Amino acid sequence: MAPAGPIGSLRRLAVATATLALLVAACGGGTSSSTGATQAGPPQRGGSLNYLVSGPLANWDRGLDTASGGAAPSIFEDAIYGQLFRLNATGDVEPVLASAYEFSDGGKTVTLSLHQGITFQDGTPLDAAAVAWNINRDLATTCVCSPITSWPKLGPDGITTPDDHTVVIHFTRSYGAAISALITSSVNHVASPAAVQKLGDQFKLKPVGAGPFEVVSNVVSSQLVLKRYDGYFKKGQPYLDRLTFTTIGGDQPAYQAVLTGQAQAVGLTTPALIQQARQNQSLTVALTPSTAPWVIQLNTAIPPFNDKRAREAIYYATDPDAMRVHLFGNLFAATQSFTGPAGLFFQAKVPGYRTHDLAKAKQLVDQLGGLTVDLFAGNDNISTTTLQALQTQWAQAGIHTTIRPDPDLTRIIQEFTGKKWQAALQLVGAYDPAVGAGLPFRYLSTAVYSGVHDTVLDQMLDDAASSTDKGKRAQRYADIAKYISDQAYSPYLFGAVTGAVALKSVHGPGLTSSIPLPGGFPAPDWDEAWIAKG
Amino acid sequence: MTATAAPAVSADRLIGRVAALATSPSLRLAARRLVIAVPVLWGVSALTFIVMSVLPGNAAQQILGVQATPAQVHQLELELGLDKPAWLRYASWIGGVLTGNLGRSLASGQPVTAIIGQRLPITVELVVYALAVSVALAVPVALLAARRPGGLADRLSMGISMAGLSMANYVLALLLVIALAVYLPVFPAIGFVPLTESVGANLRSLTLPALAIGLPLACFYTRLLRADIADQMQEDYVVTARAKGVGPWQVLVRHALRNSLFGLLTIVGLNLGTLIGATVIIEQIFSLPGIGQAFLQAINNRDVPLIEAIVLVLATAVVLANLLTDILYAVLDPRIRYGQRPD
């Protein structure tokens, strides 16, 4: 039964939005495909940018304190606090407030060097003591943004500061993904310790950092207005006078608001709207490939997927290419492993991967004496469309599937914690497979959200995360991809894209050109963003 | 003597007026309704709390998201006091309400009264504007249709109103934005300008949301009013007025419409709940920082104190609107005297 009230209405709104988007896209016609930015020229100073946010981005109820922001995405925090490190267009780590990092002691020690002379928006210094204070605070918090979810335990020395611009992190074991984990955690955002202590509870509403913008006003989960921080350490930056984040009810109204010029940029996830925006001459669309592909998780602890033949049947019955081409306008990238094209160690092809083969699927289903599957997922556009497609494809192989798109995050969590689920359509991976909602999150035997219970794989995951040698890590993750494929643990579907849509006058990395999404959400480089006048 | 006698007379008059007011049926009705409203509002708050309690999960799990470990969730539950029994949390909340303290939002930690105080005026303005739009459109169209039942205007207005009734207001909202903000940039597609900044800009920022809510309502009111006016036109007093040579428009407006407005008034009062419900979605689409937007976010966050407070405020508004409708009835129609025997 469809849920009543606002949630049900929102579901209907989502369906109506998708339908309307398809209709408008269908009526749009046109053959031009203008997606690139115009010749930008030198950045111009001044102007205001209104950036629209919806879905998970639109919830900053927990506030904008680095250590307690809940699951608040970093799009706001990047602007207020800046970043110690960030990813550049080629996916390499680029120091920002930090000047360098270095592994030592076989990967057990990480040394962070800081630029000197940086001050927070309250005038206090951003030095080694401030960074160490922040790291210790982040490690002690309940926030999922805490690095504690990824980092190994700290050694007896913990965090040390040999001088005012050097911070040393001492782990108990080698951890090659330390910087990736830092970028995707609250440690990357440094709050002013003096402001935290002075403002108390108010800090989360009006935080103070050393980033390119400072807070003017904050109506929680509705509108956040920022202005340029004149003391930002990069001379002449940021370019914008003002940056505003406004929440909106979904992709369709957001797209329309950009067309009216009331907002200048937005990140869209609805494929039909992204396609429509690409045909609009007044817009720039930068397609940002995903770091995390969609996967069908199979619970190997209980029937029917404790039988390898049932898992193989799912692999053979699934045709991701048909979905990519016919349902998502060929926007999504094919993948046979656990990172998307923008992630580290991406592999589009895995040797021996079971591709679509209806005859083999039918044969396996016959051997099993039939196969009935319960498959659940969230109820976003991509999930609901994919669920229906999977049900149809699997039916052709004789697999009877019950699909359950669920709008309620809590119920989804309870499905996993209840351990009775059979199959789930979810996102897997992260920029670095070792961190966040990456491989351990979905495949470790002890993880809540894992359907795999394999100690061999556990060890492989641990080994791959520990090395500081990128080449060695790549080989280990290739071995893991092959192992998961051989064991038929989880068929991968595709890596989705986010369309960064902006008016032609807007420029900047993440707004009009693609940069990797370390946290899974768009996070433009706000200090580089600018608007052409006239 | 005269100088002292005058105040005595005034005092007597005042006492007489107060006494008359105290025995006023309308006032007695209001007092009775307000007394009845207390258990109604308590029931609403208790039911809301029960519903939120039986839903799976809680604020801690919802706030921390899917990546949180059970230990992290448990720690936040302790911080938010969610480990206490549900009845104890409700008792504590209701105790606070009785002393004027609606508590703090579980998600943001802000005082609930501050959140409501910041957002309620926007929603109230939107509701009033939508109501005004719906009535302002419904009355003339209904008159035009009832002027000649079965005529072109009648058929056209009934057809349009049927189409309007069939359309969900969030679909209408998207279409209005395409038409009146994208193609014809007359109104803003998103955002809110406070009344204190500019009256004109404020009204422009609320026009499309008000139309999205008000147009379907106008369609409903039009059909209702048109049918009622058509009935009134068959009444004896209308025939008498016509026989006296009163013009057709005068008969419609001064006689038939006047009596039909009672029916409309009832429906408008009863519809207030629907109107408020529509703001939840419309505020999302138009990025209005009203109470509907906060309500939806609170539900997503399982933020029980904020949900309870918003429900209480909205339920109070509905109760008061219905009370006001009843009082207006008595004021407008001298034949209606609540609480008095027919004789």
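The model is predicted, and the values below are computed from it.

Most residues other than glycine have a negative phi, and most peptide bonds are trans. S287(B) is not a glycine, yet its phi is positive, about 55°. Is S287(B) buried or exposed? With a relative accessible area of 4%, S287(B) is buried, because the cut-off for that class is under 20%. R302(B) is another case: its phi is near 55°, a positive value in a residue other than glycine. R302(B) is found in the loop between α13 and α14 (304-332) of chain B. Its relative accessible area is 6%, and R302(B) is therefore classed as buried.

Chain A has backbone features of another kind. A cis peptide bond joins Q237(A) to P238(A), with omega about 0°. P238(A) lies in the loop between β9 (223-228) and β10 of chain A. A cis peptide bond also joins P303(A) and P304(A), again with omega about 0°. Here the loop that holds P304(A) runs between β13 (294-298) and α8 (308-317) of chain A.

Next comes the contact between the chains. The size of an interface is often given as the accessible area lost when the parts come together. For chain A and chain B the buried area is about 4200 Å², and carbon and sulfur atoms give 63% of it. In chain A, the residues that lose the most area to chain B are D61(A), R62(A) and T142(A), which together make up 14% of what that side buries. The contact takes 51 residues from chain A and 47 residues from chain B.

How many salt bridges are counted between chain A and chain B? The count is zero. Polar contacts do occur between chain A and chain B, in 14 residue pairs with both members at pLDDT 80 or more. On the side of chain A that touches chain B, at least two residues each come from α1 (5-28), β1 (48-53), β10 (242-247), α6 (251-260) and α12 (409-418). The largest share of that side, nine residues, is supplied by α1(A).

Salt bridges are counted elsewhere in the model. Side chains of opposite charge can pair when their charged atoms come close. Over all chains the count comes to 19 salt bridges. One of them joins D525(A) and R86(A), whose closest N and O atoms are 3.7 Å apart. D525(A) lies in the loop between β20 (506-507) and β21 (530-531) of chain A, and R86(A) is in strand β2 (residues 85-87), so the pair ties together parts that are 439 residues apart in sequence. D525(A) and R86(A) are both buried. These two residues also belong to a network of salt bridges that links R86(A), E94(A), K234(A), D525(A), D527(A) and E528(A).

Two further pairs in chain A can be compared by burial. R228(A) and D230(A) meet through their side chains in a salt bridge of 3.3 Å, N to O. R228(A) counts as buried at 16% relative accessibility, whereas D230(A) is exposed at 64%. The side chains of D406(A) and R411(A) form a salt bridge of 2.9 Å, N to O. D406(A) is buried, with a relative accessible area of 12%, while R411(A) is partly exposed at 33%.

L144(B), W249(B) and V253(B) make a nonpolar surface patch of about 280 Å². Of these residues, W249(B) is placed in helix α11 (residues 248-270) of chain B. W249(B) is partly exposed, with a relative accessible area of 41%, and residues need over 30% to be part of a patch.

Terms used
Residues numbered from 1 in each chain as written. Chains lettered and ligands numbered in written order. Predicted model: local features only at pLDDT ≥ 70, side-chain atom pairs only at ≥ 80, totals over all residues. Heavy atoms only, no water. Patch = residues over 30% accessible without salt bridge, like charges linked within 9 Å, V, L, I, M, F, W, Y side chains within 5 Å. Areas by Shrake-Rupley, 256 points an atom, 1.4 Å probe, with all protein chains shown as cover. Salt bridge = Lys/Arg side-chain N within 4 Å of Asp/Glu carboxyl O. Helix = DSSP H or I, 4+ residues; strand = E, 2+ residues; numbered from the N terminus. Buried < 20%, exposed > 50% of the residue type's maximum accessible area, 1.4 Å probe, protein only. Contact = heavy atoms within 4.5 Å. Buried area = accessible area lost by both parts, 1.4 Å probe. Polar contact = N/O pair within 3.5 Å; in protein donor to acceptor, adjacent residues only side chain to side chain.
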